[in-house]
Amino acid sequence: MSIIELKITLDYVHPTVTRTLKVPLNIRLDRLHLTIQAAMGWDNYRLYEFMAANINWGVPDPDFGSDILPADKTTLLDVIEDTGIRSLNYIYDFGDGWDHQIKLGKITSPIPGELYPKLIALSGKCPPEDVGGPSGYENFLEAIADPKHPEYEDIMAWYGSDFDPNTPETDELKLEVLKLAKKWKPRKSKK
């Protein structure tokens with residue numbers, strides 16, 4: 001098993017939100033989606049899609065037909081081998097349109113005893129779900145920063161707590177990714 005480093009940046013938001021992960025190169029895209037959800041702090045309520053070289057992977061809708069290939073049948077290694085890409089897009093929540101750039105980093109051998117996927121670095125707090133995409137997030141930040149803002153009270157009642165866009169919940173996010181690593185840990189075969 002090889003490990004690849006991924007740097008994920010949430011586009012069109014300030015302050016910058018990034019996550020650096022180490023994942024198995026052969027991770028299925030549906031599991032990569034869950035890993036990104038855990039690392040970013042998203043709640044996994046919405047649809048998603050990976051895009052590279054004019055190819056899309058996600059959850060195909062049998063009622064509407066589409067060109068979306070099944071994420072649960074494709075690995076990151078398949079994508080790299082089939083397209084030759086060094087980066088790909090990940091869209092979460094088609095209504096809010098959270099666009100993530102995923103840059104593929106170096107490939108290494110796993111460290112003995114380490115579990116993967118693993119969140120190794122992060123910056124910025126992920127926007128709240130259903131805030132309205134990048135423009136809604138910008139408005140959210142303006143409103144919570146100014147108690148005299150006309151939407152301050154409504155937004156604080158909706159969100160329910162303080163929000164610091166510069167301070168992610170580092171320990172909590174690392175733990176959520178670790179839970180996935182433990183769940184997906186290869187089991188030793190009994191012989």
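Two strands are taken to pair if DSSP finds at least two bridges between them, and helices (H or I, at least four residues) and strands (E, at least two) are DSSP runs numbered from the N terminus. The views below show a predicted model, in which local features need pLDDT of at least 70 and side-chain atom pairs count only at pLDDT 80 or more, whereas totals for chains, interfaces and linings use all residues. Residues are numbered from 1 along each chain as its sequence is written, and side-chain values use heavy atoms, with hydrogens and water left out.

**View 1. The hairpin of strands E3 and E4, with strand E5 alongside E4****.**
Strand E3 (residues 48-52) and strand E4 (residues 55-58) run antiparallel and are joined by 4 bridges, with Phe50 standing opposite Trp57 in E4. Between the two strands of this hairpin there are 2 residues, and Ala53 in the turn has a positive phi of about 50°. E4 also pairs with strand E5 (residues 68-70), here in the parallel sense and over 3 bridges, and Asn56 stands opposite Ile68 in E5.

**View 2. The open sheet of 8 strands****.**
The strands follow the order E5-E4-E3-E6-E7-E1-E2-E8, and their pairing is mixed. Because E5 and E8 stand at the edges with a single partner strand each, one side of each is left without a neighbour in the sheet. From one strand to the next the twist averages 25°, where axes are lines fitted to C-alpha atoms (for helices over the stretch in contact) and angles run from 0 to 180 degrees between N-to-C directions. Within the sheet, strand E6 (residues 87-92) and strand E7 (residues 98-108) pair in the antiparallel sense over 6 bridges, and Leu88 stands opposite Ile102 in E7.

**View 3. Helix H5 lying across strands E2 and E8****.**
Helix H5 (residues 170-184) lies across strand E2 (17-24) and E8, and its direction is at about 150° to that of E8.

**View 4. The largest nonpolar core and the surroundings of Leu104****.**
A nonpolar core is a set of buried Ala, Val, Leu, Ile, Met, Phe, Trp, Tyr and Cys residues joined through side-chain atoms within 4.5 Å; buried means under 20% relative accessible area, exposed over 50% and partly exposed in between (1.4 Å probe, protein chains only). The largest such core has 47 residues, of which Leu32, Phe50, Leu76, Ile102 and Leu104 touch the most other members. Helix H1 (residues 29-40) gives the most to this core, with 6 residues. Leaving aside neighbours within four places in sequence, Leu104 is in contact (heavy atoms within 4.5 Å) with Ile4, Glu5, Leu6, Leu76, Ile80, Ile85, Arg86, Ser87 and Leu88.

**View 5. Gly132 in the loop between E8 and H3****.**
Gly132 is found in the loop that links strand E8 (118-123) to helix H3 (133-145), and it counts as partly exposed because its relative accessibility is 36%. Although Gly132 and Trp98 are 34 residues apart along the chain, their C-alpha atoms are separated by 9.5 Å.

**View 6. The setting of the close-ups in the whole protein.**
The protein has 5 helices and 8 strands, and 43% of its 191 residues count as buried. Along its principal axes the C-alpha trace spans about 65 × 40 × 30 Å. Of the contacts with a separation of 6 or more, 65% are accounted for by residues 24 or more positions apart.
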